[in-house]
Amino acid sequence: MTLQAKLFTFLLFWTYSFSYGQMDQYRYARQLGETSREWHQVILPDEIFGKVRADLSDLRIYGITENRDTVEAPYLLRLKMDEVSDTEIESKIINAVQNENGYYFTFQVSSAEPINRINLDFGEDNFDWDIQLEGSHNQQEWFSILKDYRILSITNGLTDFQFSALTFPAASYSYFRLLIPSDKKPTLKKVALANEKYLEGTFNIFSIAETNTIQSKNKTTEIELTLEIPVPVSRLRIKVSDKFDFYRPVTISYLVDSIETQQGWKENYRTLTTGTLNSIEENEFDFESRVLQKLKIIVENQDNQALTFADFEVKGYVHELIARFNQPADYYLVYGNELASRPRYDLVQFNDKIPEDLTELAVGDERQISNKQLTNAQPLFQNMAWLWSIMALIMVLLGWFTVRMMRSK
């Protein structure tokens with residue numbers, strides 16, 4: 001590329017960049033409340049998720065200053081997820097005895113910290129026991145912690161399911177004693193005691209517009225859940241009304257797209273998670289947050305009767321933007337640009353400096369952005385005379401460079 005061509009390209013790009021406002025590149029905007037401090041949080045409304053890119057990369061916060069300049073407020077996208085901290089407590093098995101009740105395993109704790117979870121690791125693949133757990137300070141007087149607590153393992157060609165974690169209100173003892181009512185001595189390979197602290201995230205519960213259940217001939221039950229609008233989903237709870245024991249493989253997927261064929265519309269689904277629907281645990285399934293409107297649940301009944309489902313609960317973490325506002329302006333949340341790339345802001349490297357006490361900004365109603373900007377902010381070259389003057393200057397400069405190069409030859 002010649003020097004003239006490079007200069008022309010640069011000046012043309014520079015002129016174009018000042019001729020159009022940044023907000024014109026987006027389809028939708030919502031005005032934000034008045035900023036009263038540097039940092040604020042913006043809770044994303046559910047209605048926007050069907051109009052943004054799947055990775056939310058086209059979200060921007062633009063402001064219009066009194067001088068009609070366009071400024072951009074940097075932000076961090078956060079999901080109000082569960083917070084789990086797990087402190088493992090050192091322990092060792094000091095005794096293993098048997099009597100007419102079964103096998104007792106006693107383990108000593110090396111810390112006075114409360115314990116609320118014990119993970120048991122057995123050598124057996126298949127078992128079904130109703131255990132008891134007790135605590136003591138001196139091994140003379142024992143206090144009941146869990147009674148008739150069921151632990152279970154099923155491993156075969158169709159199912160690989162295990163539930164051997166004991167959870168209970170925090171208890172502080174020097175010794176714990178586990179009773180397993182079994183005729184054969186269990187192979188207790190490892191015991192892991194922990195103090196688990198769990199802070200549940202903030203969720204939205206989404207309305208289900210339609211539920212469709214299909215009993216298939218290939219011994220499966222398919223349930224389709226259609227939500228009212230596309231929303232970010234990260235958790236599904238399935239409530240079964242049957243009271244008998246059951247353990248069924250389950251696959252949860254979501255609708256990606258639909259393709260029209262000669263036989264009609266064909267729906268394409270992608271798996272979110274797999275697991276086991278069972279009568280012991282809370283049938284709550286977590287997966288990576290995904291914007292979707294339709295879920296499909298496939299339950300493998302094998303040779304068993306189909307289950308009766310009482311209810312379904314679809315939930316998603318609240319999404320928020322933590323934004324920094326450096327100057328006064330009328331700010332807008334804008335979105336809806338398929339060509340936008342994910343923004344890169346410096347504050348990602350300094351998120352430890354974000355204050356705890358954030359004020360939430362109100363989010364206004366959605367407005368569609370036309371070819372003109374939402375506010376009175378005007379392009380720099382609204383007067384065409386300015387634009388023609390710049391173009392004339394470009395031509396003069398190109399001519400001058402051309403003559404200079406010809407003389408140099």
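In the predicted model examined here, E134 is found in strand β10, which spans residues 127-136; strands are DSSP runs of E of at least two residues, numbered from the N terminus. The model is a prediction in which local features need pLDDT of at least 70 and side-chain atom pairs count only at pLDDT 80 or more, whereas totals for chains, interfaces and linings use all residues. Residues are numbered from 1 along each chain as its sequence is written, and side-chain values use heavy atoms, with hydrogens and water left out.

Leaving aside neighbours within four places in sequence, E134 is in contact (heavy atoms within 4.5 Å) with W142, F143, S144, I145, Y175, F176 and R177. With R177, E134 forms a salt bridge whose closest N and O atoms are 2.7 Å apart, a salt bridge being a side-chain nitrogen of Lys or Arg within 4 Å of a carboxyl oxygen of Asp or Glu. Because R177 lies in strand β14 (residues 175-180) and E134 in strand β10, this pair ties together parts that are 43 residues apart in sequence.

The structure holds 19 salt bridges. One of them joins E366 to K51, with the closest N and O atoms 2.5 Å apart; since E366 lies in strand β26 (residues 363-368) and K51 in the loop between β2 (39-43) and β3 (60-64), parts that are 315 residues apart in sequence are tied together by this pair. E366 is partly exposed at 26% relative accessibility, and K51 is likewise partly exposed at 33%, where buried means under 20% relative accessible area, exposed over 50%, and partly exposed in between (1.4 Å probe, protein chains only).

A further salt bridge, at 2.4 Å from N to O, is made by the side chains of K219 and D303. K219 lies in the loop between β17 (208-215) and β18 (220-240), and D303 in the loop between β21 (284-300) and β22 (309-317), so the pair links parts that are 84 residues apart in sequence. K219 is partly exposed at 44%, whereas D303 is exposed at 66%.

Terms used
Helix = DSSP H or I, 4+ residues; strand = E, 2+ residues; numbered from the N terminus.
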